[in-house]
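I set aside some time to go through one structure and write down what I looked up.

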Amino acid sequence: MAGFKSIIGHEQIIEHLQNAIKMDKISHAYIFNGPDKSGKMMLAESFATALMCEKNQVEGCMECHSCKRALSHNHPDIIYVNHEKPNTLSVDDIRTQLNNTIDVKPYEGEYKIYIVDEAEKMNQQAQNALLKTIEEPPAYAIILLLTTNADLFLPTILSRCIKLDLKVVNKDLIINHLMKDYQIPDYKAEVCAAFSQGNVGKAIQLASSQEFNELKESAIKLIKKIDDIDLYEMGQTVKKVTEYKLEINDYLDLLMIWFRDVLYFKATGDVNDLVFKEEVYDIKKQAIRHTYQGIETILDALDKAKLRIKSNVNFDLVIELLLFTIKEN
Ligand SMILES: [Zn+2]
């Protein structure tokens, strides 16, 4: 973590938190609500660091004793609540790590901050235990709940917290970040940013993932030659896709991004905004070959294939039907 300044996007949330610090109107409980890797922890940690900073600014200075320890996760008044079992945050976890320690005054700072990651894993009992604390917290206590699904919280918890919903981050900001801070080439940054759907952490992960790279290569290879595949070769092609059964959603999403590119190019003739810029030759070719109606049908078929696989329709059958639809349209 390195403070609000290093966060890509989420301007409104940062403004809200910095205003709270400026006006000295800090709430006792916040919910950071957003998908996995979307930046919840960075926001929470930047907030905690700023609050604890010895220089009393809206951004941690990253140099004082307090900031340094916050950065290295060694600040005695910033407490990370962990769970013993992987899939639940139990009532015992909440009691021993939060409820039983919250009355002990902060060691040095003005605040004592609890960061509860994966808070959606609290069962009802755990939430009820937490509720007791949130109802009457000590003046110095701040509880930051990080969750992928705030809908799972009891209404009584929701009503006592400030809920901050993370929004998708602008694609260009992500591309820029990948290129500048991770030295990812532009064509790769484009795909990863498009694929991450506005999730910075996911984009970074994809950009550095060998598996994703392979998946992408395989999907592109398939899509480029699909028109030349004969019917009797179809079985083999389906088998190739089956190798990616576990990542099939990603695989289909890549095909979807491809055909959106084809559609976009057909409509505008514009190369600059394509995700698969480096494949412009094949995109062009397919834009000429497919009708608008055909491309829409393919995009629909991709959606349907995802749903069918999700509801356990025979995998090979779904893929075969999909490939036929792409060929025929
Ligand atoms: Zn500082």
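**Entry 1: the whole chain**

I noted at the start that this is a predicted model. I looked up the secondary structure and found 15 helices and five strands. I then looked up the extent of the chain. Along the principal axes, its C-alpha atoms fill a box of roughly 75 × 40 × 30 Å. The chain has 329 residues, and 50% of them count as buried.

**Entry 2: the zinc ion**

Which residues coordinate the zinc ion? I found Cys53, Cys61, Cys64 and Cys67, each through its SG atom, at 2.3 to 2.4 Å. I checked the geometry next. The angles among the four donor atoms are 105 to 118 degrees, and the site is tetrahedral. Along the chain, the donors follow the spacing C-x7-C-x2-C-x2-C. Are Cys53 and Cys64 buried or exposed? I wrote down that both are buried.

**Entry 3: the largest pocket**

I looked for pockets and began with the largest. The space in the largest pocket is about 420 Å³. I counted 22 lining residues, and those nearest the centre are Lys37, Ser38, Gly39, Met42 and Gly201. Which elements give two or more residues to this lining? They are α2, β4 (141–147), α7 (171–182) and α9 (200–207). I sorted the lining of the largest pocket by class and got eight nonpolar, eight polar and six charged residues.

Gly39 sits in the loop between β1 (29–33) and α2. Its relative accessibility is 19%, and it therefore counts as buried, since the cut-off for buried is under 20%. I also took one distance from Gly39. Gly39 and Pro138 are 99 residues apart in sequence, and their C-alpha atoms are 28 Å apart in space.

**Entry 4: the second largest pocket**

I repeated the steps for the second largest pocket. Its volume is about 270 Å³. I found 14 residues in the lining, with Ala194, Gln197, Asp253, Ile257 and Arg260 nearest the centre. Both α8 (186–196) and α12 (248–268) supply at least two residues of this lining. Which element gives the most to the lining of the second largest pocket? It is α12, with seven residues. By class, the lining of the second largest pocket has six nonpolar residues, one polar and seven charged.

**Entry 5: strand β3**

I ended with strand β3, residues 112–116.

Strand β2, residues 78–81, pairs with β3 in the parallel sense over four bridges. Across this pairing, Ile79 stands opposite Tyr114 in β3.

Methods: Residues are numbered from 1 along each chain as its sequence is written. This is a predicted model: local features need pLDDT of at least 70, side-chain atom pairs count only at pLDDT 80 or more; totals for chains, interfaces and linings use all residues. Side-chain values use heavy atoms; hydrogens and water are left out. Donors are N, O and S atoms within 2.8 Å of the metal (3.2 Å for Na, K and Ca); water is not among the atoms, so sites may look incomplete. Four donors count as tetrahedral if all angles lie between 85 and 135 degrees; four count as square planar and six as octahedral if opposite donors are over 155 degrees apart and all others between 65 and 115; anything else is irregular. Buried means under 20% relative accessible area, exposed over 50%, partly exposed in between (1.4 Å probe, protein chains only). On a 1 Å grid over the protein atoms alone, a cavity is a set of points where a 1.4 Å probe fits but cannot get out, and a pocket is an open set with protein on both sides within 12 Å along at least five of seven lines; lining residues have an atom within 4 Å of a point. Grid points are joined across faces, edges and corners, and a volume is the space filled by probe spheres set on the points. Ala, Val, Leu, Ile, Met, Phe, Trp, Tyr, Cys and Pro count as nonpolar, Asp, Glu, Lys and Arg as charged, and the others, Gly among them, as polar. Two strands pair if DSSP finds at least two bridges between them.
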